[in-house]
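Here's a quick tour for anyone opening this structure for the first time. Take a look at it, and then we'll go through a few spots together.

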Amino acid sequence: MTPRTTDWWRHAAIYQVYPRSFADGNGDGIGDLAGVRSRLDYLRRLGIEAVWFSPWYLSPMADAGYDVTDFRQIDPRFGTLAEAEKLIDEAHQYGIRVIVDIVPNHVSDEHAWFTAARNAAPGSPERDLFWFRDGRGEQGELPPNEWQSIFGGPAWTRVPDGQWYLHLFAPEQPDLNWRNPLVRDEYEDVLRFWFDRGVDGIRVDSAAMCSKDPALPDYDHTVFPDPHPYVDLDENHDIYRGWRAVADSYPDQRALIGEVWLADPARFARYLRADELHTAFNFDFLGCGWDAPALRVCIDRTLAAHTEVEAPSTWVLSNHDVTRHVTRYGRPDTSTAAGIRQYNPVVDEDLGRRRARAAALLTMALPGAVYIYQGEELGLPEVEDIPADRRDDPIYHRTQGRDPGRDGCRVPLPWDESTESYGFSPAGAERPWLPQPTSWARLNAAAQESDPTSVLRLYRSALALRATESALRDSPMNWLDAPEEVLAFTRGDDFTCMINLSGAAMPLPRDGAVLVSSQPLSDGLLPPDTGVWLRTVRAVPGAVPGRRVLMPAADRAPAPGNVGEGARRAAVPANSPVGGAG
Ligand code: NOJ
Ligand code: CA
């Protein structure tokens with residue numbers, strides 16, 4: 001039975017399944033729906049509330065399924081529509097909601113609309129569904145403008161009759177013309193197709209890029225012009241108002257989740273107004289380094305922008321497009337400022353994983369929804385040494401390898417030691433579509449299952465607590481007075497999260513009982529790069545805001561029984577920097 005509490009999307013823990021790399025049921029070395037179905041119990045036990053599936057539709061896979069031929073069919077590599085329907089029902093039986101990925105900016109060049117457009121004449125209604133234009137130069141031999149593809153190279157490809165079509169991504173991903181009403185109708189119908197099959201939410205790919213300035217003006221690629229000719233045009237909002245009306249036409253809560261990469265939080269928040277998308281991914285947080293002041297600013301900025309529009313924040317550390325954060329946090333520059341992806345041999349993986357564990361407790365304690373990218377719960381690092389001839393990402397190929405691309409975060413998951421692919425495929429299967437490093441043997445899910453100190457067990461403990469702590473669902477956060485390199489905040493009356501990003505061990509608040517910590521405490525102190533959740537006593541009424549005053553435990557409920565590291569008393573020195581009487 002589908003769980004139907006209200007506004008689930010405001011606080012859910014959502015797990016991203018990248019179907020190609022999650023689990024291979026039929027042994028062809030490619031993940032599939034049978035594989036996902038066989039692992040639903042793992043997801044239930046992990047404690048997540050929803051799964052977002054990266055595209056599973058019919059596709060030539062020029063961009064790993066983000067080039068869709070038919071949104072109403074499942075790619076045979078993944079399974080069948082009947083199997084997807086079964087999977088949705090089974091997930092619901094496990095109490096897990098389902099989110100599918102819809103790609104509005106473009107389709108595959110094998111989509112029926114595009115093959116018709118390519119074969120039709122210039123100026124035809126078929127071509128009007130896309131952006132076909134004559135070229136510049138005497139013979140039209142130059143592209144219509146100088147726009148560059150986000151994947152490298154020009155954003156235009158020429159067809160045999162001499163016209164050019166626009167593709168902001170790969171040439172196999174022609175951009176749709178959202179000014180054409182047929183495009184709007186078709187996509188609203190696709191939403192209904194999946195909502196009618198019980199899907200609870202839609203992830204909207206490249207959501208801020210659909211509309212284009214029809215004059216297709218050149219712009220200087222070294223600056224981000226305002227207004228931009230194709231990023232964040234006002235017309236986008238009309239599109240999502242239409243989508244929201246479709247979602248709202250269902251009696252229960254169907255959510256729209258935007259992939260909106262915008263630096264300006266106010267512009268970002270406009271997509272989350274009451275009649276538009278429900279939530280959007282927080283890329284500001286994803287790009288922020290392991291740096292307490294920067295994270296504090298990012299968190300405050302996020303909350304302020306969302307409060308304006310009464311939308312919940314989301315917290316994201318990794319996804320299928322960026323370097324896994326275990327690796328990012330192990331680099332000298334832990335932000336994505338140096339590029340979302342980079343070749344960088346200097347990685348302290350143990351340090352990165354230690355920070356990633358603490359970051360998990362941070363993200364799961366913040367107000368709003370949290371996203372977990374598959375394998376993050378195993379502490380997987382980026383795979384940075386995939387041989388050139390095994391790389392698949394068009395970014396790698398279109399930049400002639402200057403950008404390593406995204407294969408390193410898409411390597412098939414290690415499940416156990418039963419087969420050569422660490423249980424990703426059954427015995428005797430073809431090799432996985434991307435090679436798994438041998439070092440992953442020790443990171444497999446089964447091994448972590450039986451190790452109480454593993455990343456997997458930490459995620460499970462934290463997710464279990466998150467699901468039962470009503471303060472983590474409903475209460476706002478309040479920063480505690482803390483040293484600059486420490487993030488400490490409360491949720492509700494008696495929940496405290498403290499993350500130590502400094503190089504020194506830090507005292508904990510007085511009378512706090514540990515609910516879960518990302519590393520063992522050392523002599524009652526919180527070690528560097530460690531996070532902890534505490535049951536703390538209630539604040540004294542009338543305390544100075546921002547300076548929490550902690551009282552003895554006399555009038556509060558006992559701490560819950562063992563969860564994760566166990567509810568242990570933290571031995572806390574009197575001079576606690578966090579909420580010390582003041
Ligand atoms: C964003 C997706 O997350 C990415 O994987 C894809 O390549 C582009 N959009 C184009 O669809
Ligand atoms: Ca398969």
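This is a predicted model: local features need pLDDT of at least 70, side-chain atom pairs count only at pLDDT 80 or more; totals for chains, interfaces and linings use all residues.

The residues in question are Glu83, Ala84, Leu87, Ile88, Ala91 and His92.

As for the helix itself, α4 covers residues 81-93, which makes 13 residues. From its first C-alpha to its last it reaches 18 Å, close to the 18 Å expected at 1.5 Å a residue. Just past the end of α4 comes glycine 95, with a positive phi of about 80°.

## The calcium site

Now over to the calcium ion (ligand 2). Asp24 (OD), Asn26 (OD1), Asp28 (OD), Ile30 (O) and Asp32 (OD) coordinate it, at 2.3 Å. Read along the sequence, these donor residues follow the spacing D-x1-N-x1-D-x1-I-x1-D. Two of the donors, aspartate 24 and aspartate 32, are both buried.

## A three-stranded sheet

Three strands make an open, antiparallel sheet, and their order is β6-β8-β7. The edges belong to β6 (132-133) and β7 (156-158); each has a single partner strand, so one side of each is left without a neighbour in the sheet.

What links β6 to β8 (residues 164-166)? Two bridges do, with the strands running antiparallel. Phenylalanine 132 has tyrosine 165 in β8 as its bridge partner.

Conventions
Residues are numbered from 1 along each chain as its sequence is written. Chains are lettered from A and ligands numbered from 1 in the order in which they are written. Side-chain values use heavy atoms; hydrogens and water are left out. Donors are N, O and S atoms within 2.8 Å of the metal (3.2 Å for Na, K and Ca); water is not among the atoms, so sites may look incomplete. Buried means under 20% relative accessible area, exposed over 50%, partly exposed in between (1.4 Å probe, protein chains only). Two strands pair if DSSP finds at least two bridges between them. Helices (H or I, at least four residues) and strands (E, at least two) are DSSP runs, numbered from the N terminus. The expected span of a helix is 1.5 Å times one less than its number of residues.
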